[in-house]
Amino acid sequence: MKRLLLSGLSVAAILMSGCQNPSGTDPSEGYGADPKLPAAKSSLLPTVNARPAVKWPAGAAPVAAEGLKVGRFAEGLSHPRWLYRLPNGDVLVAETNSPPRDAKGIEAWVAKNMMKKAGAGVPSANRITLLRDANGDGVAETRSVFLSGLNSPSGMVLVGDAFYVANTDSVMRFTYSPGALKIEGAGQKIADLPAGAPNNHWARNIVASPDGTRLYVAVGSNSNIAEHGLEVEKDRAAILEFALDGSGRRIFASGLRNANGIDFEPVSGAMWTVVNERDMIGHDTPPDYMTSVRDGGFYGWPWSYWGQTVDARVKPANPDMVAKAIRPDYGLGAHTASLGLHFYRGALLAESWRGGVFITQHGSWNRDPPSGYKVVYVPFAGGKPSGPAVDVLTGFLNDKVEAQGRPVGVIEDAAGALLVADDVGDIIWRVSPK
């Protein structure tokens with residue numbers, strides 16, 4: 001497949017493409033178990049509508065749903081992306097960003113400027129910071145560097161005394177002492193991860209199986225629709241499985257263009273993930289989604305989306321793989337960039353917020369008008385989604401449609417309040433009952 005080469009004229013067209021005809025479709029039509037799938041409108045040029053990052057004014061905050069309030073658990077961080085809670089209640093945050101890119105040329109220049117505009121142009125701090133709220137007032141009064149010298153770290157998980165970190169290119173294991181403010185001693189690389197140039201979709205999430213015997217790592221694709229060839233997609237667009245020592249690597253599930261948040265539904269024990277779908281076939285198709293993940297399952301990328309809907313741009317076609325594609329469980333709207341996923345297990349929030357899943361939507365860069373830029377909740381019953389998505393936090397875009405913040409990681413703290421990492425606002429928000 002040919003790589004898209006851009007002339008100076010087409011660069012100008014890309015930079016102006018935010019002025020193309022906007023969508024007239026309600027974004028909510030892309031949500032739910034049976035979302036609408038508008039016909040594909042293939043284009044050589046993507047819509048570029050990244051919202052300028054301006055950060056939050058002093059004292060400002062997202063708008064919480066009725067019955068909830070939101071406060072600043074921690075602020076002044078450096079591009080906080082992913083969160084993890086240790087058994088003693090300490091909260092870890094990965095302060096991270098994409099690694100330096102070697103890619104050159106017009107495409108790389110466009111991507112760099114788009115990311116800078118959207119607030120993602122800062123260098124990666126490459127560290128994990130520990131936040132402690134010892135007095136339980138909802139604000140972390142202790143902050144310490146837990147780990148540093150990492151390589152665009154993202155997911156974290158503790159199994160026994162082994163603390164695992166998913167760098168963009170490797171899985172690292174460190175020894176953790178309960179209550180420690182920092183990791184002492186060198187870590188061990190237990191597995192390499194795919195990270196070949198240009199290493200698109202760089203963030204890696206890592207979780208452990210509920211019984212603590214296996215590790216799972218989400219690795220996004222290296223392209224939009226494999227336009228650089230399938231050879232650079234080896235073990236990508238997949239969730240990989242490892243033994244705790246890094247051995248026994250295998251593909252657990254594939255065809256997942258860019259899976260991020262992973263969690264296990266408490267009733268059924270099934271793995272669920274959120275996935276960012278492909279670009280450049282319209283404002284409203286296909287939807288990003290969340291889905292249960294089957295061992296050995298194939299979910300369509302790059303040849304099809306939402307089950308057997310063929311992407312005619314992908315050459316050569318592969319009808320055998322299309323026939324195997326599993327239809328996702330729940331649409332999350334086109335281009336919402338849904339990243340974080342967390343099943344709520346606490347009891348602090350009202351009954352209407354219990355048992356289901358919270359999802360962070362980082363926000364579109366290629367839809368007009370923009371979509372996402374919020375946190376939503378999807379109720380579950382019997383291990384399956386049971387109703388429409390409900391807004392939990394909104395207001396990340398201001399009246400000028402500028403990005404004050406963009407939500408990424410989501411967990412609950414020891415008390416059962418929700419914590420949300422905001423990588424543009426450099427804040428961890430805490431959502432609790434009003």
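How many bridges join strand 23 to strand 24, and in which sense do the two run? Five bridges join them, and strand 23 (residues 357–361) and strand 24 run antiparallel.

## Before we dig in

This is a predicted model, so keep in mind that local features need pLDDT of at least 70 and side-chain atom pairs count only at pLDDT 80 or more, while totals for chains, interfaces and linings use all residues. Residues are numbered from 1 along each chain as its sequence is written, and side-chain values use heavy atoms, with hydrogens and water left out.

Helices (H or I, at least four residues) and strands (E, at least two) are DSSP runs, numbered from the N terminus. Two strands pair if DSSP finds at least two bridges between them.

Five of its five residues are buried, so strand 24 is largely enclosed by the rest of the structure. Here buried means under 20% relative accessible area, with exposed being over 50% and partly exposed in between (1.4 Å probe, protein chains only). In a regular strand the side chains alternate between the two faces of the sheet. In strand 24, Lys374, Val376 and Val378 point one way, Val375 and Tyr377 point the other way, and all are buried.

The structure holds 15 aromatic pairs. In one of them, tryptophan 56 and phenylalanine 396 have ring centres 5.7 Å apart and planes at 70°, so the pair is edge-to-face. Tryptophan 56 sits in the loop between strand 1 (31–32) and strand 2 (63–64), and phenylalanine 396 in the loop between strand 27 (390–394) and strand 28 (407–412), so the pair ties together parts that are 340 residues apart in sequence. Tryptophan 56 counts as buried at 11% relative accessibility, and phenylalanine 396 is buried at 0%.

Tyrosine 216 and phenylalanine 252 have ring centres 5.0 Å apart and planes at 65°, so this pair is edge-to-face. Tyrosine 216 belongs to strand 13 (residues 214–219) and phenylalanine 252 to strand 15 (residues 250–254), so the pair ties together parts that are 36 residues apart in sequence. Both tyrosine 216 and phenylalanine 252 are buried.

Now for an open sheet of four strands, in the order 8-9-10-11, with antiparallel pairing. Strand 8 (156–159) and strand 11 (188–192) are the edge strands, each pairing on one side only.

Walk across the sheet and you meet strand 8 paired with strand 9 (residues 162–166) over four bridges, where methionine 156 has valine 165 as its partner. Five bridges then join strand 9 to strand 10 (residues 170–175), and a hairpin links these two through three residues. Alanine 166 stands opposite valine 171 in strand 10. Strand 10 pairs with strand 11 over four bridges, and valine 171 stands opposite alanine 191 in strand 11.

## Empty spaces

Rolling a probe the size of a water molecule over the atoms shows where empty space is left. On a 1 Å grid over the protein atoms alone, a cavity is a set of points where a 1.4 Å probe fits but cannot get out, and a pocket is an open set with protein on both sides within 12 Å along at least five of seven lines; lining residues have an atom within 4 Å of a point. Grid points are joined across faces, edges and corners, and a volume is the space filled by probe spheres set on the points.

The structure holds two cavities of 30 Å³ or more. The largest has about 80 Å³ of space, and its lining includes Thr25, Asp284 and Arg367. The second largest cavity has about 60 Å³. The second largest pocket has a volume of about 740 Å³. Of the 27 residues that line this pocket, the closest to its centre are Tyr84, Val157, Asp263, His342 and Arg345.

Methods
Rings of Phe, Tyr and Trp (its six-membered ring) pair if their centres lie within 6.5 Å; planes under 30 degrees apart count as stacked, over 60 as edge-to-face and the rest as tilted.
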